[in-house]
Amino acid sequence: MLTGDLLIGGRAVRGTNGEIYGLNAATGERLPTSFGGASEADLDQAAALAWDAFPLYRETALEARAAFLEKIAEEILAIGDDLITRAMAETGLPRGRLEGERGRTMGQLRLFASELRAGRFQDVRIDPADPERKPAPKPDLRLRNIAIGPVAVFGASNFPLAFSVAGGDTASALAAGCPVIVKAHSAHPGTSELVGRAVQKAVAESGMPEGTFALLYDSGLAIGQALVADPRIRAVGFTGSRAGGLALMAVAAKRKQPIPVYAEMSSINPVILFPEALQARGRAIGTAFAGSLTLGAGQFCTNPGLLLALEGPGLDDFLAGASEALSTIPAQTMLTAGIAKAYAENRARLAGHEAVKLVAEGQEGEGAQGRAGLFETDAAQFLADHALQDEVFGATGLVVRCRDLGELEQVLDALEGQLTIALHISDGDEADARRLLPKLELLAGRILVNGFGTGVEVSPAMVHGGPYPATSDGRSTSVGTRAIERFLRPVSYQDLPEALRPAALR
């Protein structure tokens with residue numbers, strides 16, 4: 001049963017700083033239960049408990065910490081169908097999508113449990129002393145990674161489970177040994193409470209320090225910003241808009257001790273359509289593109305929003321396939337009325353651009369539903385107006401016609417950093433693809449062939465990140481086992497006696 005309380009330590013506390021209501025994404029109607037916004041005193045208590053918990057939690061035995069992560073996964077599953085039905089109401093996402101996302105959330109937690117048991121994340125290095133070395137003796141040097149400190153995690157609107165309260169940022173921070181304070185997303189407060197209580201229960205039953213986890217609601221923006229500014233917070237995980245990520249980065253940079261903000265912000269995920277691939281299977285690629293464009297109402301961070309293609313009959317086949325497929329796709333309910341409004345406005349702005357032509361549309365919707373769209377322009381016009389690069393968060397794509405490979409390279413050189421770049425090639429395109437590959441490596445965190453970026457495998461080799469503005473730090477990933485590295489830092493120990501050495505370095 002939902003109470004609308006903040007979860008601080010082992011307690012549930014009613015927030016008194018305004019109220020938040022979950023809304024039915026399809027109808028806009030209020031859902032049961034109001035959620036109290038956190039006050040500065042609530043934030044201070046959560047941060048104090050997290051700071052007190054940190055020295056104890058960061059040195060917990062790896063097996064105990066792994067079992068704790070697995071316990072969180074068990075408790076999430078134990079919520080049962082209440083979690084799915086509440087998330088469906090708050091987000092408008094279908095049951096199958098949310099059940100899959102729940103499985104992914106649990107899978108992430110279990111993956112990091114396995115990583116803890118393997119111990120690789122500690123990166124232990126031991127360089128023994130050599131007192132006989134000339135001209136100077138060599139000291140004993142030992143290195144390990146340690147947890148960075150309490151972490152603030154901001155829930156994402158488009159992934160109410162996998163990138164929110166117990167999502168990838170929380171899982172990787174807890175695995176690293178960092179207490180976590182989550183600022184719930186206001187679009188799915190009920191979903192957040194259900195998952196938050198599962199984490200809180202796992203903390204208690206696993207014997208972890210009381211301040212290992214907290215869940216706060218913010219009735220505005222002040223508490224979220226104050227959380228980043230709090231000196232006891234040592235890193236931030238964020239998935240959302242570029243404006244939101246930049247605002248948190250600015251707060252973090254102005255602190256007496258600046259801290260890293262790992263923000264995933266903006267990506268249009270270019271797709272490069274090579275001529276032989278288009279000639280061989282242009283219509284089929286167009287059909288597959290329509291499915292990827294509209295997956296999740298186009299609200300994935302990896303939906304393909306930009307297509308770069310050489311002019312020719314194969315491109316016409318692609319457009320025909322995409323148009324035919326899009327015409328059958330119904331409008332889909334978007335996450336919130338605000339997101340639906342912004343999508344409609346940005347789509348209309350693109351449609352009204354003098355250098356842009358409408359190619360195809362999905363079926364018309366109503367209310368908070370988003371209608372899919374595909375537009376086209378040419379490379380010269382695209383290069384002349386940087387605004388054509390702006391992300392349209394929803395199921396809208398832009399095809400850029402290029403006269404030759406040289407012009408396509410000019411377009412690539414003008415692009416901002418991306419999460420993904422997809423190449424559609426046949427054997428005869430490989431030489432041109434090889435020519436572009438060095439540019440693509442500098443442009444995106446993931447390069448894939450004959451597919452689309454939607455569908456992010458949770459695995460050790462995955463990178464879900466990229467150069468700015470895809471993320472604030474292109475050296476990191478928010479998916480896969482390397483995500484733990486964001487919340488660690490290396491410490492070297494020189495000539496420590498055996499009795500003083502951390503257990504991992506003995």
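Visitor: In which helix does Gln-108 lie?

Guide: This is a predicted model, in which local features need pLDDT of at least 70, side-chain atom pairs count only at pLDDT 80 or more, and totals for chains, interfaces and linings use all residues. Residues are numbered from 1 along each chain as its sequence is written, and side-chain values use heavy atoms, with hydrogens and water left out. Helices (H or I, at least four residues) and strands (E, at least two) are DSSP runs, numbered from the N terminus. On that basis, residues 95-118 form the helix that holds Gln-108, namely α4.

Visitor: Is Gln-108 buried or exposed?

Guide: Buried means under 20% relative accessible area, exposed over 50%, and partly exposed in between (1.4 Å probe, protein chains only). The relative accessibility of Gln-108 is 3%, so the residue counts as buried.

Visitor: With which residues is Gln-108 in contact, leaving aside its neighbours within four places in sequence?

Guide: Contact means heavy atoms within 4.5 Å. Once the neighbours within four places in sequence are left aside, the partners of Gln-108 are Ala-162, Gly-167, Gly-168 and Val-458.

Visitor: Why does the span of helix α1 agree with its number of residues?

Guide: The expected span of a helix is 1.5 Å times one less than its number of residues. Helix α1 covers residues 40-57, which is 18 residues, so it should span 26 Å. This agrees with the separation of its end C-alpha atoms, 25 Å.

Visitor: Which residues of α1 are buried?

Guide: An α-helix has 3.6 residues a turn, so residues three or four places apart point the same way. The buried residues of α1 are Asp-42, Leu-43, Ala-46, Ala-47, Leu-49, Ala-50, Ala-53, Phe-54 and Tyr-57.

Visitor: Which residue does a cis peptide bond join to Pro-469?

Guide: Pro-469 is found in the loop between β20 (444-449) and β21 (488-494). The cis bond has an omega of about 5°, and the residue joined to Pro-469 is Tyr-468.

Visitor: How many residues apart in sequence are Ala-470 and Met-265?

Guide: Ala-470 also has its place in the loop between β20 and β21, and it counts as buried because its relative accessibility is 0%. Its contacts beyond four places in sequence include Glu-264, Met-265 and Ser-266. The C-alpha atoms of Ala-470 and Met-265 are 5.4 Å apart in space, while the separation in sequence is 205 residues.

Visitor: What phi does Asp-123 have?

Guide: Asp-123 is placed in the loop between α4 and β5. With a relative accessible area of 30%, Asp-123 is therefore partly exposed. Although Asp-123 is not a glycine, its phi is positive, at about 50°.

Visitor: Is Ala-297 buried or exposed?

Guide: Ala-297 lies in the loop between α9 (275-294) and β13 (306-310). It is not a glycine, yet it has a positive phi of about 60°. Its relative accessible area is 6%, so Ala-297 is buried.

Visitor: What distance separates the C-alpha atoms of Cys-402 and Met-208?

Guide: Cys-402 is in strand β18 (residues 396-402), and its relative accessibility of 0% means that it counts as buried. Beyond four places in sequence, its contacts include Ala-309, Leu-310 and Glu-311. Met-208 is 194 residues from Cys-402 along the chain, and their C-alpha atoms are separated by 58 Å.

Visitor: Where is Phe-213?

Guide: Phe-213 is buried, because its relative accessible area is 2%. Its contacts beyond four places in sequence include Leu-7, Val-165 and Val-203. The strand in which Phe-213 has its place comprises residues 213-216 and is β9.

Visitor: What radius of gyration does the protein have?

Guide: The radius of gyration is taken over C-alpha atoms, and the globule rule is 2.2 Å times the number of residues to the power 0.38. For 506 residues, a compact globule would therefore have a value near 23 Å. The protein agrees with this, with a radius of gyration of 24 Å.

Visitor: How many helices and strands does the protein have?

Guide: The C-alpha trace spans about 75 × 70 × 40 Å along its principal axes. Of the 506 residues, 57% count as buried. The protein has 14 helices and 21 strands.
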